[in-house]
Amino acid sequence: QAGVARRRLVRKMTDESVALAAARYALGASLAVVASEFGVHQRTLAREFAQAGVAIRPRRGWCR
């Protein structure tokens with residue numbers, strides 16, 4: 001509306017890299033570790049996993 005061009009959304013990971021990350025995650029690495037290895041933010045990796053149908057393990061924490 002203000003005449004400012006929007007940024008084009010560029011995907012940070014390819015389908016192949018998501019599959020490799022999912023395999024690493026399935027072996028037990030944490031989301032943070034896998035995200036760091038692939039050079040993306042944890043939220044980016046979680047979003048890519050959700051789109052690919054990869055289940056995210058619950059976070060460890062206090063049991064109440």
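Predicted model: local features only at pLDDT ≥ 70, side-chain atom pairs only at ≥ 80, totals over all residues.
A residue is called buried here when its relative accessible area is under 20%, and exposed when that value is over 50%.

The chain as a whole holds three helices and zero strands, and its elements follow one another from the N terminus as α-α-α. The radius of gyration is 15 Å, well over the 11 Å that the globule rule gives for 64 residues, and the chain is therefore more spread out than a compact globule. Along the principal axes, the C-alpha trace spans about 50 × 35 × 20 Å. Buried residues account for 23% of the 64 residues, while the accessible surface of the chain comes to about 5,800 Å², with 53% of that area belonging to carbon and sulfur atoms. As for charge, the chain carries 12 positive and 4 negative side chains, and the centres of these two sets lie 13 Å apart. Of the contacts between residues at least 6 apart in sequence, 51% join residues that are at least 24 apart.

Y25 belongs to helix α1, and, when residues up to four places away in sequence are not counted, Y25 touches S30, L31, V34, F49, V54, A55, I56 and R57. With one of these residues, I56, the separation along the chain is 31 residues, yet the C-alpha atoms of Y25 and I56 are 9.0 Å apart. The side chain of Y25 also has a polar atom that lies 2.7 Å from the backbone nitrogen of R57.

Helix α1 covers residues 15–26 and also contains S17, which at 15% relative accessibility falls under the cut-off and so counts as buried. A polar atom of the S17 side chain lies 2.9 Å from the backbone nitrogen of T14.

In helix α2, which runs over residues 31–38, the residue to look at is A35. Because its relative accessibility is 1%, A35 counts as buried. Setting aside neighbours within four places in sequence, A35 is in contact with V40, H41, Q42 and L45. The C-alpha atoms of A35 and A46, two residues that stand eleven apart along the chain, are separated by 8.8 Å.

Key:
Residues numbered from 1 in each chain as written. Heavy atoms only, no water. Helix = DSSP H or I, 4+ residues; strand = E, 2+ residues; numbered from the N terminus. Rg over C-alpha atoms; globule rule 2.2 N^0.38 Å. Buried < 20%, exposed > 50% of the residue type's maximum accessible area, 1.4 Å probe, protein only. Contact = heavy atoms within 4.5 Å. Areas by Shrake-Rupley, 256 points an atom, 1.4 Å probe, with all protein chains shown as cover. Lys, Arg positive; Asp, Glu negative; His and termini not counted. Charge placed at Lys NZ, Arg CZ, Asp CG, Glu CD. Polar contact = N/O pair within 3.5 Å; in protein donor to acceptor, adjacent residues only side chain to side chain.
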